[in-house]
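My entries follow in the order I made them.

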Amino acid sequence: MSMTVTPSGQACGAHVTGVDLGGELSPELVSQIRKAWLEHRVVAFPGQQMDDDALERFTMAMGGFGEDPFFAPIEGRQHIAAILREADESTPLFAENWHSDWSFLPRPPAGTCLLAVDIPPIGGDTLFADQIAAFAALPEERKAYLRTLTAIHSAKLAYAPEGAYGEKDEGRSMAIRPNESARATQTHPLVQRHPETGEEALFSTIGYIIGIEGMGQAEAMALLSELAQWQGREEFTYRHRWEPGMLVIWDNRSVLHKATGGYEGHRRELHRTTIAAYGS
């Protein structure tokens with residue numbers, strides 16, 4: 001089989017065909033996949049025959065397992081979580097806001113893998129926003145200013161006991177485990193160089209970013225809100241449509257993502273792993 005990479009024609013994203021990810025992965029294939037991943041930021045592999053063992057093998061080949069602090073794993077696994085919504089579920093949609101996975105950790109994961117398990121016939125697209133492109137499109141003076149800022153990250157708005165997925169979030173099928181550790185803060189430069197490509201990108205967004213070092217809260221929130229509008233502009237986005245048997249991997253260092261709904265009355269399940277920070 002010969003690997004073929006077909007760009008999405010949108011801001012980022014590509015489909016990769018001609019590969020079988022269900023078995024052992026050769027170093028040559030992993031190298032080709034990593035090249036496509038770094039170039040296109042979001043890579044989809046349609047028509048795969050993968051089980052959870054294969055998902056774990058792929059994750060290990062791409063850099064090893066990252067930390068998943070607020071998800072309980074599926075039964076029998078340590079590193080796989082189910083992104084699940086039952087057909088009759090009425091809770092607010094999970095992950096409907098732009099974010100970079102676990103940006104509040106000291107060493108956030110390099111990437112995320114999602115394997116389609118149960119895909120509804122309509123809806124459920126995932127949106128991605130290219131933050132390398134978003135930063136590159138800014139005026140030089142604005143870039144220079146943003147490079148001087150250090151963002152304060154925290155999981156508290158989502159995963160503290162009173163957060164969006166906290167104690168009042170009842171009736172959810174996903175195994176989310178909020179706790180007090182979500183109140184911790186971590187700082188990261190607002191603009192980061194990608195450790196593998198050297199490209200500059202805006203890192204994460206409002207929600208997981210709760211402030212800016214040395215800046216008053218009102219001023220920081222105004223700046224972050226304005227920046228968030230820019231980060232999610234249509235010219236920087238890619239809308240991914242899911243298919244049964246599809247694996248998707250994205251680069252948390254260069255894109256934001258968010259979920260969409262539109263599949264009410266249908267069950268949706270994907271199995272997720274995170275890829276450890278580069279060089280972990």
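**Notebook: cavity, sheet, salt bridge, pockets**

I began with the lining of the largest cavity, where helix α6 (residues 217-231) gives the largest share, 4 residues. I note here that the model is predicted. My search of the whole structure found 1 cavity of 30 Å³ or more. The space in the largest cavity comes to about 30 Å³. I listed L190, S204, T205, I206, I209, L224, L227, A228 and Q231 as its lining. By class I have 6 nonpolar and 3 polar residues there, and no charged ones.

Next I looked up the sheet. I found an open sheet of 7 strands with mixed pairing, in the order β1-β2-β3-β13-β5-β15-β4. Its edge strands are β1 (4-7) and β4 (81-85), each of which pairs on one side only. On average, neighbouring strands of this sheet are turned by 25 degrees against each other, direction ignored.

Which helices lie across strands β3, β5, β13 and β15? I noted helix α1 (residues 27-40), which lies across β1, β2, β3 (42-45), β5 (111-118), β13 (247-251) and β15 (268-275). Helix α1 runs at about 130 degrees to β3. I also noted helix α2 (residues 52-61), which lies across β3, β5, β13 and β15 and runs at about 30 degrees to β15.

For salt bridges, I have 23 in the structure. I picked one of them, where the side chains of E196 and R34 meet at 2.8 Å, N to O. This pair links distant parts of the chain, 162 residues apart: R34 is in helix α1, and E196 is in the loop between β9 (191-193) and β10 (200-202).

I have a volume of about 750 Å³ for the largest pocket. It is lined by 38 residues, and A95, E96, N97, H99 and Y165 are the closest to its centre. I found at least two lining residues from each of β4, β5, α5 (156-159), α6, β14 (255-259) and β15. The lining divides into 21 nonpolar, 9 polar and 8 charged residues.

For the second largest pocket I have about 260 Å³ of space. Of its 13 lining residues, P108, Q192, P195, R253 and A277 lie nearest its centre. I sorted this lining into 7 nonpolar, 3 polar and 3 charged residues.

How values were computed:
Residues are numbered from 1 along each chain as its sequence is written. This is a predicted model: local features need pLDDT of at least 70, side-chain atom pairs count only at pLDDT 80 or more; totals for chains, interfaces and linings use all residues. Side-chain values use heavy atoms; hydrogens and water are left out. On a 1 Å grid over the protein atoms alone, a cavity is a set of points where a 1.4 Å probe fits but cannot get out, and a pocket is an open set with protein on both sides within 12 Å along at least five of seven lines; lining residues have an atom within 4 Å of a point. Grid points are joined across faces, edges and corners, and a volume is the space filled by probe spheres set on the points. Ala, Val, Leu, Ile, Met, Phe, Trp, Tyr, Cys and Pro count as nonpolar, Asp, Glu, Lys and Arg as charged, and the others, Gly among them, as polar. Two strands pair if DSSP finds at least two bridges between them. Axes are lines fitted to C-alpha atoms, for helices over the stretch in contact, and angles run from 0 to 180 degrees between N-to-C directions. Contact means heavy atoms within 4.5 Å. A salt bridge is a side-chain nitrogen of Lys or Arg within 4 Å of a carboxyl oxygen of Asp or Glu.
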